[in-house]
Amino acid sequence: SSPAQDEKSKRTAVQLPSAQAAANNSELSSQDNPATFKVRVNLVLVRVVVRDAKGKVVPDLRQEDFQLFDNRKPQVISAFSVESPESQALKPTTLTFGEEGSGNADSGAGAAEAKAAAIKLPQRFVTVLFDDAHLTMEDAAFVRTAAAKFLDALAPSDRVAIYTSSGQFKQSFTADRELIRKSLLAIVPHSMFNHSGFHDCPEVTYYQADLIENKHDQQALAVAAEDAVQCAFNGDETQIRAAQSLAESASLRSLSQGDQETEYAYRHVEDAMRQLSQMPGQRVMVFVSPGFIPTTLWSETSDLIDRATRAGIVINTIDARGLYAPDVLGDIADPPHDSIKTRGYKSSYRLAEQLAQNEVLDQLAAGTGGTFFHNRNDVDEGMRQAAAAPALSYLLGFSPQNLKVDGRFHTLKVTLTNKQKYTLQARNGYYAPKSIADPGEAAKREIQEAIFSQEEMHDVPVDLQTQFFKKDAASARLSVLTHFDVKAIHFRKVEGRNHDNLTIATAIFDENGNFVTGGEKTVQMRLLDTTYSRLSRSGLTLKSSYDVKPGSYLVRLVVRDTEGSQMAARNGAVVIPF
């Protein structure tokens with residue numbers, strides 16, 4: 001082993017008194033908290049992909065190359081990072097091993113085993129989300145076949161999960177490709193409402209209902225009223241007032257059903273995203289959908305983009321309809337009952353609706369650095385590319401000045417300072433918050449997001465070591481040692497002592513990325529100057545231990561201090577032999 005590794009192995013973890021047992025003048029005390037893992041609150045994140053004239057991603061751009069505008073006002077970019085598959089790859093730390101009571105084993109052998117474990121641990125998690133709430137039976141059969149082909153392109157270390165927007169089916173992350181293939185058979189339409197086999201009077205689509213109720217389009221209302229005259233009153237135009245009332249009722253009913261279906265789908269998209277955000281590696285979501293129209297729910301779309309960006313999730317979207325010609329006459333198998341007078345209008349609504357369905361898929365991809373695949377029949381190729389490692393992207397962050405808590409939409413624009421003719425892909429806006437977050441809850445959220453991230457952060461220099469001691473053939477004790485540089489921490493001087501609190505969060509994941517165990521430790525530091533001087537030279541090492549079974553694990557460590565709100569995060573791989 002190297003001298004540096006030997007020096008690390010000699011470090012002794014400080015056993016701190018608990019908060020309850022510590023005396024009032026204790027300089028160091030700690031409190032263990034149960035694992036409650038569920039970015040800075042006012043930080044708006046914008047993921048940007050830059051491509052040249054040939055469509056190739058442009059690398060090597062710096063923070064000063066970008067300009068960012070919020071409602072046309074220039075903003076100061078306060079956070080900047082470059083993300084690529086290479087930058088997000090798991091980099092295991094040096095690990096030490098031993099048997100109960102025998103001390104540490106050879107650290108060189110431990111490092112070799114750690115590297116082998118890191119190779120076997122999953123680096124990438126792919127969630128394939130099928131929008132069965134909006135799929136037709138024809139679309140479902142089409143995408144099932146394409147999805148079966150794309151599985152062949154995945155790496156053995158990739159983990160795949162299947163979700164549906166109806167919530168009727170879910171397959172958790174697994175490396176078992178045959179199980180995934182069988183799961184695809186469960187992808188069938190699961191609409192909340194029966195949209196075929198029964199014709200309302202008058203027939204008002206979700207798109208037309210949105211025109212009538214939300215956009216107050218009088219022509220759309222007149223078309224619905226004319227349909228009501230024909231279907232309810234046998235063409236008796238003296239009943240136009242009653243027909244208009246019937247049309248308004250049908251419009252409200254159609255809009256309510258459509259909103260419920262979209263809201264229901266959003267909740268299950270959130271669920272799939274939440275599960276994916278807790279996976280310790282690169283995260284890709286493939287959203288397979290024929291598209292839909294959010295009407296008044298565009299703020300929900302913006303929230304999904306914001307959550308995905310904060311969690312490092314790239315959403316690639318695929319139009320499940322493939323290459324299609326707009327169907328202005330409706331479903332041939334279940335044709336609509338349009339009157340002669342309204343047929344032209346209804347056809348134009350159907351055309352506009354089918355085109356508008358793409359917008360939400362386009363925005364989800366553009367806002368998260370993903371790709372929108374549409375108007376193509378090689379959906380299997382689209383899914384293969386969508387599941388591949390995401391291209392290089394730039395993550396910009398800014399804190400809006402004088403942001404009003406009013407829930408209003410803010411337009412965003414990103415440009416390059418050198419005016420080069422590159423194409424920039426980024427989200428087109430965000431919604432202001434409707435309430436102010438509690439600072440304590442914001443800190444918890446920040447730690448939670450960091451613990452389930454794969455990003456390594458170095459605001460505070462932190463070293464991660466692990467040790468394990470096998471109790472017997474079926475159980476082991478895994479210890480996580482955190483060593484940090486005290487000089488890099490911002491203390492507050494109070495009555496001659498140096499004050500700060502540290503939160504140390506640890507999470508342990510198995511080889512499929514499932515959370516196994518973890519916890520939080522809060523360390524209160526009230527250091528005298530002499531103690532601060534000593535720890536500034538030696539650093540401080542803290543130890544947390546967990547009972548686990550033999551196997552391969554990813555250890556995720558996050559440290560956050562209170563005074564400076566600085567963060568550090570490290571990853572480590574460990575294999576405990578059976």
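The model is predicted: local features need pLDDT of at least 70, side-chain atom pairs count only at pLDDT 80 or more, and totals for chains, interfaces and linings use all residues. Residues are numbered from 1 along each chain as its sequence is written, and side-chain values use heavy atoms, with hydrogens and water left out.

View 1. Strands (E, at least two residues) are DSSP runs, numbered from the N terminus. In a regular strand the side chains alternate between the two faces of the sheet.

**View 2. Strand 3 and its pairing partners, strand 14 and strand 4.** Two strands pair if DSSP finds at least two bridges between them. Strand 14 (residues 409-416) pairs antiparallel with strand 3 over five bridges. Gln-67 has Thr-415 as its bridge partner there. Strand 4 (residues 73-75) also runs antiparallel to strand 3, joined by three bridges. Here Leu-68 is bridged to Gln-75. Two residues lie between the strands of this hairpin, and Asn-71 takes a positive phi near 50 degrees.

**View 3. Surroundings of Phe-484.** Contact means heavy atoms within 4.5 Å. Leaving aside neighbours within four places in sequence, Phe-484 touches Val-460, Pro-461, Val-462, Ile-489, Leu-502, Gly-539, Leu-540 and Leu-542.

Technical notes:
Helices (H or I, at least four residues) and strands (E, at least two) are DSSP runs, numbered from the N terminus.
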